[in-house]
Amino acid sequence: MDARLMKHILAVVTLDPGVVAGGVPVFVAQTEQEREEVAFLLGRILEAMVHDLGNGAYVLVRH
Amino acid sequence: MTALYGTTGAIGLGLVLGSFARWLMLRVDYRNYPSYPHGYVTHLALGVVAAFLGAVAVPALLEREFTAVTFLALATQQFREVRSLVRDSLHELEEGELVRRGQDYIEGIARVYEARNYLTMVVSVAASGAWLLHPVAGVAAGSAALVLSLAFMRGRQVGQIAVVRPGALRFQGPSLFVEDVYLMNVGLARARARIKEWGLGVVLDPKDDNARDTLASPGQRQAILHDAVAALGVRKDVGVEEFTPLARRSERTGRVALVLVPMEPDIRALVGAVKRTPVLEASRGTALRTRAGRLAAD
């Protein structure tokens, strides 16, 4: 039986590090393309859903 | 009182008709039975036992063998175990499902399996009891009980409580909507493109307040999604969260919208699969059966 964190922000991928603070892994991307790519990979790796907060940050959440 | 006709015939007919009823009930609700051949054997064997117990009940009582009643009690004990057996086995399998049945659906299926054995017994009791009066009456009563129990097992389907129709998918920024119902936030542009390309939307309009409450139950909605996926397949895989089928309701109307990214993008088949999903006992709304609910409805 594996225990998993649900409904928890596992990582943030952002163009603007200024919009994130606190204890969560933050990946800063330089371009929108890089943000998309990093978020995609992290989504697959973490088995998480990528959500767009609309302020430049993508969050990865496992549901 | 002595029987006019032989007890052997009565038991024989009860056994045959009861077992036949159990076999028919295995087939009626095929969706509850996703091809587990060993399960067939288990349930048929138990069905035969149930039919036999039912068949001997009336002849035994006529012989003043009242201990026969204890055997019936024993049988009910066995059937309750069938329920937990089905529940446990489906629960174990749940871990391996891409789109889960959900607790409510599993509980519903388990109850149905228990009930089927009782119905089997009812059929065989009716057949064997009536046979003692006259063989023709036995066949007639057994067949009538059989037809009644099949009708009883059919249950209600989502198509009877809601108008099910296709709904157009649209994105507003990262937000996915089916008509005016918000479903989820899809962050990745490539996922949005795939959903636009392959995704199908369905809208369920509840026909009354009971239906509205039934569709509000997350368990009922999960059951609908499970059945839809069983029919059309899904592009979701382990770790691919963006193709997870979802059913969400509008907070304004109580209408439910669902999105599915199926392997077979056939909207008519999807609407059909949603309509044929059973209404779960555990989720059934009963607002209109209460006085306050009826008052609130108008």
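This is a predicted model: local features need pLDDT of at least 70, side-chain atom pairs count only at pLDDT 80 or more; totals for chains, interfaces and linings use all residues.
Me: Are B:Asp209 and B:Arg212 buried or partly exposed?

Reply: The word buried is kept for residues under 20% relative accessible area, and exposed for those over 50%, with partly exposed in between. B:Asp209 has 18% relative accessibility, so this residue counts as buried, whereas B:Arg212, with a relative accessible area of 28%, is partly exposed.

Me: How many salt bridges does the rule find over all chains, and which residues are linked in a network?

Reply: The count over all chains comes to 17 salt bridges. A network of salt bridges links B:Arg165, B:Glu179, B:Asp180, B:Asp205, B:Arg252 and B:Arg255. One of its pairs is B:Arg165 with B:Glu179, whose closest N and O atoms are 2.9 Å apart. B:Arg165 lies in strand β1 (residues 162-167) of chain B and B:Glu179 in the loop between β3 (175-178) and β4 (181-185), so this pair ties together parts that are 14 residues apart in sequence. B:Arg165 is partly exposed at 24% relative accessibility, and B:Glu179 is partly exposed at 27%.

Me: Which parts of the chain does the pair of B:Asp180 and B:Arg255 link?

Reply: The side chains of B:Asp180 and B:Arg255 meet in a salt bridge at 3.8 Å, N to O. This pair links distant parts of the chain, since B:Asp180 sits in the loop between β3 and β4 of chain B and B:Arg255 in the loop between β6 and β7 (256-260), 75 residues apart. With 29% relative accessibility, B:Asp180 counts as partly exposed.

Me: How should I read a pair of aromatic rings, and why is the pair of B:Phe177 and B:Tyr182 called edge-to-face?

Reply: One looks at the distance between the ring centres and at the angle between the ring planes, where planes over 60 degrees apart count as edge-to-face. By this rule there are 4 aromatic pairs over all chains. In one of them, the rings of B:Phe177 and B:Tyr182 have their centres 5.6 Å apart and their planes at 70°, so the pair is edge-to-face. B:Phe177 is buried at 14% relative accessibility, while B:Tyr182 is partly exposed at 39%. B:Arg170 also lies over the face of B:Phe177, at 4.5 Å from the ring centre.

Me: Where do B:Trp198 and B:Phe243 lie, and how are their rings arranged?

Reply: The rings of B:Trp198 and B:Phe243 are edge-to-face, with their centres 6.5 Å apart and their planes at 70°. B:Trp198 is in helix α7 (residues 189-198) of chain B and B:Phe243 in the loop between α9 (218-232) and β6 (246-249), so the pair ties together parts 45 residues apart in sequence. At 22% relative accessibility B:Trp198 counts as partly exposed, but B:Phe243 counts as buried at 8%.

Me: How is the size of an interface given, and how many residues of chain A are in contact with chain B?

Reply: The size of an interface is often given as the accessible area lost when the parts come together. Between chain A and chain B the buried area is about 1300 Å², of which carbon and sulfur atoms give 52%. In chain A, the residues that lose the most area to chain B are A:Glu36, A:Arg44 and A:Met49, together 40% of what that side buries. The contact brings 13 residues of chain A together with 13 residues of chain B. The rule finds 2 salt bridges across this interface, and the side chains of A:Arg44 and B:Glu242 meet in a salt bridge at 3.0 Å, N to O.

Me: What domains is chain B divided into, and how many residues of each take part in their contact?

Reply: Chain B is divided into domain 1 (7-154) and domain 2 (159-297). Their contact takes 10 residues from domain 1 and 20 residues from domain 2. The two domains of chain B bury about 1300 Å² between them, 62% of it on carbon and sulfur atoms.

Definitions and conventions
Residues are numbered from 1 along each chain as its sequence is written. Chains are lettered from A and ligands numbered from 1 in the order in which they are written. Side-chain values use heavy atoms; hydrogens and water are left out. Rings of Phe, Tyr and Trp (its six-membered ring) pair if their centres lie within 6.5 Å; planes under 30 degrees apart count as stacked, over 60 as edge-to-face and the rest as tilted. Buried means under 20% relative accessible area, exposed over 50%, partly exposed in between (1.4 Å probe, protein chains only). Helices (H or I, at least four residues) and strands (E, at least two) are DSSP runs, numbered from the N terminus. A charge sits over a ring if NZ of Lys or CZ of Arg is within 6 Å of the ring centre and within 35 degrees of the ring normal. Domain bounds come from an automatic or database domain assignment. Contact means heavy atoms within 4.5 Å. Buried area is the accessible area (1.4 Å probe) that two parts lose on being put together, summed over both. A salt bridge is a side-chain nitrogen of Lys or Arg within 4 Å of a carboxyl oxygen of Asp or Glu.
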